[in-house]
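Please keep the sequence and the structure in view while reading.

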Amino acid sequence: MSNASPKTSFKGRIGALIGILLMALSLRAAVVSVPPLLARIQDDIEFTEFTIGLLATLAPIVFACFGLLTPRLIRAFGLEKTLISAVVLAVLGQVARVFTTDVYAFLGLSVIALAGYGMGNVVLPPLVKKYFPDRIGLVTSGYVTMLAVGTWMAPQFSVPLANASDWQISIGSWALLSTIVLVPWIIQLLADRKVDRPNQPAHASAGAAGTITRINPWKSKVAWGLAIFLAGNSAQTYVYFTWLPPYLQDRGLSELSAGNMLALFAILGLPVSLLVPLWVPRLKNPIIAVLIFTACWVAGHLGIYLSPTSGTILWVCLAGLGQGTFAIALLMMNLRSRTTYGSGVLSGFAQGLGYAGAGIVPLLFGVVQKSSGSWGPAFAMLGVCVVVMLVGAIIINPSRTIEDSVPGGGKAGGLERIG
């Protein structure tokens with residue numbers, strides 16, 4: 001399943017480990033640092049309901065586009081150069097947007113920042129595969145945990161930072177965290193000048209003389225299954241991040257209580273992020289874990305809809321634990337690939353199509369609620385997302401990899417020889 005060598009210590013790979021963890025910590029900053037400060041930002045930038053909605057849909061749309069593009073960049077320039085380009089885009093976009101007073105310029109510069117983070121989303125799994133093929137579960141646990149911490153940290157500290165300075169410094173300061181990502185990677189690359197860490201091991205990539213193997217994910221059941229699984233999962237998460245506070249306020253909770261429930265939902269991604277990568281690789285059938293977390297999602301959805309003001313903490317906790325399905329999706333990018341290159345292709349395809357599908361749902365959720373005048377039909381959409389997620393889980397449950405589409409290569413089933 002992995003191109004792993006016998007287990008070794010982390011010696012010689014510390015820079016890569018720190019770089020992976022810091023990159024994961026910074027990935028959600030551009031997305032979640034702005035919403036808590038929108039009221040202040042509107043004093044300087046004229047946001048409307050339309051542009052606020054557009055801002056909310058930017059992340060999944062940009063992540064989708066760059067999810068599909070990034071494997072090509074990895075193939076052309078390598079993992080590390082693609083990562084450095086991602087960090088540069090993220091920093092430039094975040095810093096530049098604090099100096100504009102035009103809403104569409106702000107949105108455009110946000111796209112640049114999100115493009116960098118979208119590339120980072122895709123690069124992380126193959127980086128784990130390349131530098132830690134012997135410790136995929138452990139390192140994945142670490143970086144998914146940092147992803148959860150970053151998702152909680154940015155909205156938690158954005159308001160205090162703005163209170164101590166202004167909104168520009170608050171949202172711009174997260175660019176510093178992204179800049180720091182470069183330091184351990186520069187150290188690692190300098191240390192690796194005489195170390196061979198191939199992006200695609202010879203035993204998995206070589207075909208006929210003078211050729212290399214190109215994976216076509218559009219013809220891979222594994223790639224389609226993971227994309228479907230990620231779409232169903234992420235759609236539920238984006239609905240909660242977008243609509244949980246407005247829904248709870250509409251049902252009678254205060255603004256503060258509704259915000260606290262969203263923070264609780266976000267932080268519950270932390271314990272499952274620690275658990276999943278250490279537990280799921282031991283399962284012969286990962287769908288068992290999927291079913292457990294799906295039960296949490298379903299119980300949370302039903303509780304929040306049927307009893308939003310009674311037992312709210314319990315329902316939000318259950319839905320929050322359901323986010324274990326996202327950690328499973330990230331883990332599967334390495335468990336369902338044998339090579340660093342395969343992991344990158346699978347990561348890009350699954351996140352590209354997955355985020356594209358997920359990005360539509362929060363918008364439709366609001367449209368359905370407004371047109372029907374009821375939250376019931378909107379919540380029914382979450383049931384559809386659960387079904388979609390389970391369909392993807394069934395497809396990726398068998399122990400096969402994206403490279404297995406056609407054993408030994410060939411044009412059918414997902415592998416082509418080029419060169």
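## Helix 15 and helix 17

At roughly what angle do the axes of helix 15 and helix 17 cross? They cross at roughly 150 degrees, and the two axes come within 8 Å. Helix 15 is therefore roughly antiparallel to helix 17, since an angle over 145 degrees counts as roughly antiparallel. As the model is a predicted one, these values describe a prediction.

On the side of helix 15, the contact is made by Ala289, Val290, Phe293, Thr294 and Trp297. Helix 17 contributes Gly324, Thr325 and Ile328. Sorted by class, the contact of helix 15 with helix 17 holds five nonpolar residues, three polar residues and no charged ones.

## Helix 14 and helix 15

Helix 15, which covers residues 287-306, also packs against helix 14, which covers residues 269-279. Their axes come within 11 Å and cross at roughly 160 degrees. Because of this angle, helix 14 is roughly antiparallel to helix 15. The crossing of helix 14 with helix 15 is right-handed.

Val272, Val276 and Trp279 of helix 14 make the contact with Ala289, Ile292 and Phe293 of helix 15. The contact of helix 14 with helix 15 consists of six nonpolar residues, with no polar and no charged ones.

## Helix 6 and helix 7

Another pair is formed by helix 6 and helix 7, whose axes lie 9 Å apart and pack at an angle of about 145 degrees. The crossing of helix 6 and helix 7 is right-handed.

## The largest cavity

A probe the size of a water molecule, rolled over the atoms, shows where empty space is left. In this model the count comes to two cavities of 30 Å³ or more. The largest cavity has a volume of about 60 Å³.

Its lining consists of Val239, Tyr240, Trp243, Leu244, Tyr247, Ile304, Phe365, Phe379 and Leu382. Helix 12 (221-250) and helix 19 (376-396) each supply at least two residues of the lining of the largest cavity. Helix 12 provides the largest share, five residues. The lining of the largest cavity has nine nonpolar residues and no polar or charged ones.

## The second largest cavity

The second largest cavity has a volume of about 50 Å³. It is lined by Leu27, Arg28, Asn121, Leu124, Pro125, Tyr143, Leu147, Phe326, Leu330, Gln351 and Tyr355. The classes here are eight nonpolar, two polar and one charged.

Which helices each supply at least two residues of this lining? They are helix 6 (103-131), helix 7 (136-164), helix 17 (324-335) and helix 18 (340-372). The largest share, three residues, comes from helix 6.

Conventions:
Residues numbered from 1 in each chain as written. Predicted model: local features only at pLDDT ≥ 70, side-chain atom pairs only at ≥ 80, totals over all residues. Heavy atoms only, no water. Axes fitted to C-alpha atoms, helices over the stretch in contact; angles between N-to-C directions. Helix = DSSP H or I, 4+ residues; strand = E, 2+ residues; numbered from the N terminus. Parallel < 35°, antiparallel > 145°, perpendicular 65-115°, else oblique. Left-handed = near helix turned anticlockwise from the far one by under 90°. Contact = heavy atoms within 4.5 Å. Nonpolar A, V, L, I, M, F, W, Y, C, P; charged D, E, K, R; others polar. 1 Å grid on protein atoms, 1.4 Å probe; cavity = no way out; pocket = protein on both sides within 12 Å on 5 of 7 lines; lining within 4 Å. Points joined across faces, edges and corners; volume = space filled by probe spheres on them.
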